[in-house]
Amino acid sequence: MTPSPTCFADNVRPDLFDREPFLFKHKLLGHPALEMANLVRMIPTLPDWQVHSSSGKLKRSDDFERADKDHATGMTIEETLDSMKTTNSYVMVREPDRDGSFHPLYKSLLADVHGVLKACGMANQANEPKMYLFLSSPDSVTPFHIDRYTNFLMQFQGSKRISVFPKWDERVMTAAARESLVAYSGQRPVWTPEIEPFGTAYDFQPGDALHIPFVAGHHVRNGPDEVSISLSLFFKTDENLRLTDAMVFNDMLRRRGIDLRGVGQSPVRDHLKAGAWRAARLAARHATKIGAIGALGAAGAGAFAMMVD
């Protein structure tokens with residue numbers, strides 16, 4: 001029997017999981033780890049790789065993954081936390097569960113995620129789980145982007161409007177751009193106002209949680225009154241891992257001049273491509289002449305792709 005959830009309320013929608021976004025409730029309001037006093041204590045003690053800060057005064061078209069470099073505020077993290085109400089700032093913390101105040105919460109959330117996956121018939125598939133913490137000033141904008149994970153996002157303070165877009169819709173993002181982004185090979189999402197009608201907007205208040213499916217594009221605007229505090233648990237299902245491998249495979253061949261159908265159109269093709277990529281990686285690990293094997297592998301993968309696509 002699946003244990004009762006300790007973090008999520010009972011209105012989670014397993015029938016929509018990783019297919020469509022959905023709102024539900026969490027039961028964590030008032031948790032001491034998410035109080036501002038604890039965050040002001042904890043965040044300055046963390047190493048630089050865990051803490052990214054930038055201006056929150058961004059456009060939807062800005063490059064979210066470079067915001068800490070392209071839109072730095074020049075303030076220390078202590079100054080940022082002390083003045084977030086008025087300085088248009090954004091702070092992202094990777095893996096806050098490394099701090100003792102967050103670790104029990106991480107374990108509880110992961111248990112609830114396992115419960116959701118079990119209800120979907122995917123028990124024990126929360127691969128690569130990662131917790132992220134977000135603090136941002138009133139009216140801050142998080143640019144349009146996709147996550148390479150499935151996401152459960154929870155709101156603790158302040159309000160937001162989150163717009164989420166269909167994940168395989170090429171009117172929102174081309175397959176080439178999506179697959180390059182997942183493969184870290186250089187492209188990024190391109191935002192234009194014409195995309196907006198394809199999204200679904202959610203008004204997000206403390207106590208709300210939102211499921212954002214794997215690689216579903218989204219952007220965020222904070223409400224005007226309070227500093228926003230949100231927490232995400234990211235992870236990949238076994239299917240997400242297969243789709244990631246298929247997208248990396250497509251991207252590798254596109255960069256070699258072979259244009260393929262985008263991932264997400266055919267489960268059979270996607271599984272074949274993922275299998276081909278995994279076989280190529282396994283062969284590379286056992287190869288003694290990496291250069292020759294790599295060239296042969298790329299040629300063989302291209303021939304395989306032409307047969308299955």
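**Before you start.** The model is predicted: local features need pLDDT of at least 70, side-chain atom pairs count only at pLDDT 80 or more, and totals for chains, interfaces and linings use all residues. Residues are numbered from 1 along each chain as its sequence is written, and side-chain values use heavy atoms, with hydrogens and water left out.

Stop 1: Colour the strands (DSSP runs of E, at least two residues, numbered from the N terminus). Seven of them make an open sheet in the order β1-β9-β6-β11-β4-β3-β2, with antiparallel pairing. Its edge strands are β1 (22–25) and β2 (51–55), each pairing on one side only. From one strand to the next, the twist averages 20°. Pairing here takes at least two bridges found by DSSP between the two strands.

Stop 2: Select residues 150–157, which are β6. Is β6 largely enclosed or open? Seven of its eight residues are buried, so β6 is largely enclosed by the rest of the structure. Buried means under 20% relative accessible area, exposed over 50%, and partly exposed in between, with a 1.4 Å probe and protein chains only. On to the partners: β6 pairs with β11 in the antiparallel sense over seven bridges, and Gln157 has Ile229 as its bridge partner in β11. Four bridges join β6 to β9 (residues 208–212), again antiparallel. Look there for Phe152, whose bridge partner in β9 is His211.

**Stop 3: β11 and Lys236.** Now pick residues 228–236, strand β11, and find Lys236 in it. Lys236 is buried, with a relative accessible area of 9%. What does Lys236 touch? Leaving out residues up to four places away in sequence, Lys236 touches Gln125, Ala126, Asn127, Glu128, Arg148, Tyr149, Leu241 and Thr244. Contact means heavy atoms within 4.5 Å.

Stop 4: Helices are DSSP runs of H or I, at least four residues. Show α4 (residues 103–119), which lies across β4, β6 and β11 and runs at about 55° to β11. Then show α6 (residues 238–254), which packs on the sheet and touches β4, β6 and β11; its direction makes about 80° with that of β11. Axes are lines fitted to C-alpha atoms, for helices over the stretch in contact, and angles run from 0 to 180 degrees between N-to-C directions.

**Stop 5: the four-strand sheet.** Switch to the open sheet with the order β5-β10-β7-β8, whose pairing is antiparallel. Its edge strands, β5 (141–145) and β8 (200–204), each pair on one side only. On average, neighbouring strands of this sheet are turned by 15° against each other, direction ignored. Zoom in on β5 and β10 (residues 218–222), paired over three bridges in the antiparallel sense. Thr142 has Val220 as its bridge partner in β10.

**Stop 6: the largest cavity.** Finally, select Asp62, Asp63, Phe64, Glu65, Phe144, His145, Ile146, Leu181, Arg188 and Pro189, which line the largest cavity. A cavity is a set of points, on a 1 Å grid over the protein atoms alone, where a 1.4 Å probe fits but cannot get out; lining residues have an atom within 4 Å of a point. How much volume does the largest cavity have? About 50 Å³, where volume is the space filled by probe spheres set on the points, and grid points are joined across faces, edges and corners.

Terms used:
On a 1 Å grid over the protein atoms alone, a cavity is a set of points where a 1.4 Å probe fits but cannot get out, and a pocket is an open set with protein on both sides within 12 Å along at least five of seven lines; lining residues have an atom within 4 Å of a point.
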